[in-house]
Amino acid sequence: MAPAEPLREAGPPEGFGALLDDRVLAPGGRLDAGILGTLFDALPARVVALDADGRYVYANREALDFFGASLDEITGRTVAEVLGEAMDQRTTPLLEQLRLGETPRWTDWAVYKDGQRRFVEQLYAPCMGSDGRLIGFLAFIRDMTELKLREETLERRLAALDEQERVSTAIIKTSIDAIMVVDEEGVLLDLNPAAMTTFGYSRAAAVGRTIADLIIPPTMRGAHAAGMARYTATGISRVLDQRLTVNAMRADGTIFPIELTISEIRLPGRRVFTAHLRDLTAARAAEEEMARQRDRLHQAEKLSAMGSLLAGVAHELNNPLAILVAQSTLLVETSSDLNQRRRAERIHAAAERAGRIVKSFLAMARQKPEKREHVAVNPLISATIDMLAYGLRSHGIGVETRLDPTGPAVIADADFLGQVIANLVVNAQHALAEQPEPRRIVLATRHEPDTVVIEVSDNGPGVPAHLRERIFEPYFTTKPTGVGTGIGLSISKSVVGAHGGTIALDTAAEGGARFVIRLPVATAQPGAGTPAADTADGSFRVLVVDDETDVRESLAEMLELLGHQVLPPLGAREALDSGVALMADLVFVDLRMPGIDGLRFRDAVLASNPRLDGRVVIMTGDAVEGPGLIARHPDAARIPIMEKPFTLGDVKRILAEYD
């Protein structure tokens with residue numbers, strides 16, 4: 001048998017844990033991370049994942065039960081720490097084979113950390129990065145101790161067994177699937193441990209009874225009896241040596257699908273039949289879920305063409321969605337039950353996705369009047385990329401930004417302009433779907449005299465020359481039937497034209513499509529170093545910077561509840577590079593963040609926008625070192641502090657200092 005093909009990473013490597021992210025590619029569709037975990041948990045085997053250094057990053061339920069530990073307790077630990085030195089000595093030498101892309105396996109007695117001996121079959125599957133190097137591996141461990149002990153017992157007694165026992169023993173050893181042996185009358189002679197587990201019978205309760213009474217559903221027993229009689233009389237069978245998919249019945253009466261193969265063994269003076277049976281419950285569940293996923297995708301595409309009709313519904317959905325997000329976040333943070341936390345994470349992810357869809361509907365077909373204001377293009381592009389990041393990443397598409405930090409603002413409706421940019425990015429994503437890697441989308445900004453230029457390009461197949469003239473026509477689409485509506489580019493052209501600009505199709509440097517938007521520069525825009533310009537009703541434009549998304553969004557919701565405008569969320573480095581801080585009247589920033597901490601961020605912001613002196617609030621949950629770090633800063637007296645966890649009253653207290 002040829003060695004299995006090594007697993008390959010679907011996108012840029014971010015550590016072996018990325019294999020168990022929220023989605024994984026599967027034939028005919030996509031399965032989310034919860035489905036993958038469910039499939040692994042359904043396997044009658046231990047499944048673990050380790051990184052290239054031999055440290056655990058995942059284990060299914062059966063493995064965790066065997067370890068007697070939670071996933072958090074084993075994550076980051078080595079084989080020696082979890083299973084003992086003996087198992088480590090077996091595993092370590094295999095790393096070199098795994099680095100070569102091989103799939104080693106071994107079957108033997110294993111001694112674990114607690115002295116326990118188990119007979120196991122272990123198969124290792126490497127995961128290689130795009131550079132061909134090992135980033136981790138999966139290990140599938142099938143515990144066959146009971147079967148091995150039974151085999152050894154049978155072997156010791158083999159000399160004393162009669163012919164029937166010898167045949168039963170030989171058949172049992174031929175497969176790890178459920179096996180049953182029956183005579184010509186359909187009476188069960190023997191069954192293996194897998195069959196007892198699958199159907200829920202003990203050997204004593206099953207042997208000697210007819211197979212029809214044991215596992216054949218009542219509605220199928222007549223056909224079974226007729227088939228047995230026909231074969232006995234004529235020797236003609238429709239099922240022998242055929243791979244069939246039928247329904248079977250467990251001891252508790254439940255009906256489930258199986259794959260069945262029946263073979264005949266002729267003995268002197270009689271014959272017996274062996275049935276190999278495989279439970280298809282998990283496989284059928286996976287197929288049904290894939291079908292449901294495809295149906296959801298098709299339905300979502302249909303709804304996109306009805307955005308204007310759904311705007312009213314979208315408004316009504318926002319409140320329950322907000323509750324779903326809040327409550328599921330609380331469950332994730334407070335639940336001590338791993339399964340409950342996983343379910344809450346799925347609910348939370350689904351609610352967030354629904355929220356993004358609702359916002360898109362509202363932006364495309366809202367009933368409120370347009371709101372024209374100064375809009376900084378770079379932060380708007382960054383926010384759009386953030387909204388679409390998951391879909392792009394799951395399709396293996398990289399995004400590159402070339403944003404002009406000195407670009408002036410435009411007078412625009414931010415929602416409409418953001419929808420235009422999002423539509424161009426989604427179109428590029430669809431164009432790249434069938435392209436080989438690398439797949440790339442580039443968003444760039446620059447400014448010409450009196451004009452701001454936005455470019456969205458890709459390295460896809462481009463638009464054929466004979467279709468370029470029609471690309472902006474309503475209901476014209478180059479996408480396959482059921483994938484596009486043909487109204488996105490038409491609406492985009494109308495929006496850009498309403499803003500006094502133009503949109504045109506060009507050819508990208510790499511041969512793909514490039515859409516170029518030109519908008520007039522705003523006649524006046526907020527200038528750096530000027531006094532804070534609060535909005536007319538006394539509210540603030542607030543920038544919130546925190547690497548913890550839940551914290552950032554919670555604070556943003558509180559600020560918006562109090563009537564303030566929250567600027568698009570960005571990471572610390574992006575906020576500095578994009579110049580969004582120039583638009584802010586007040587900044588909340590976390591003290592400890594990767595890359596740049598809150599104090600250094602505060603100093604960098606003041607260097608470009610001195611009017612924020614005393615208006616950069618440091619948030620900290622570090623009650624041990626945090627206060628000392630701030631106290632040692634030269635401007636400690638002018639640094640407001642808000643401790644975590646914060647309440648709505650804490651936020652009001654900070655804002656009151658600037659009223």
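Predicted model: local features only at pLDDT ≥ 70, side-chain atom pairs only at ≥ 80, totals over all residues.
Let's start with an open sheet of five strands, which are arranged in the order 10-9-13-12-11 with antiparallel pairing. Strand 10 (188-191) and strand 11 (244-249) each have a single partner strand, so one side of each has no neighbour in the sheet. From one strand to the next, the twist averages 35°. Helix 12 (residues 221-234) packs on this sheet, where it touches strand 9 (178-183), strand 11, strand 12 and strand 13. The direction of helix 12 makes about 145° with that of strand 13.

Next comes strand 8 (residues 134-143), a mostly covered strand in which eight of the 10 residues are buried. Strand 8 pairs with strand 4 and also with strand 7. Five residues lie between the strands in the hairpin of strand 7 and strand 8, and Gly132 there takes a positive phi near 85°.

| Strand pair | Bridges | Example |
|---|---|---|
| Strand 4 (residues 46-51) and strand 8 | six bridges | Val48 and Ala139 |

Finally, take a look at Thr451, which sits in strand 18 (residues 451-458). Is Thr451 buried or exposed? Buried means under 20% relative accessible area, and Thr451 has 17%, so Thr451 is buried. Leaving aside neighbours within four places in sequence, Thr451 is in contact with Arg446, Arg518, Leu519 and Val521.

Conventions:
Residues numbered from 1 in each chain as written. Heavy atoms only, no water. Pairing = 2+ DSSP bridges. Helix = DSSP H or I, 4+ residues; strand = E, 2+ residues; numbered from the N terminus. Axes fitted to C-alpha atoms, helices over the stretch in contact; angles between N-to-C directions. Contact = heavy atoms within 4.5 Å. Buried < 20%, exposed > 50% of the residue type's maximum accessible area, 1.4 Å probe, protein only.
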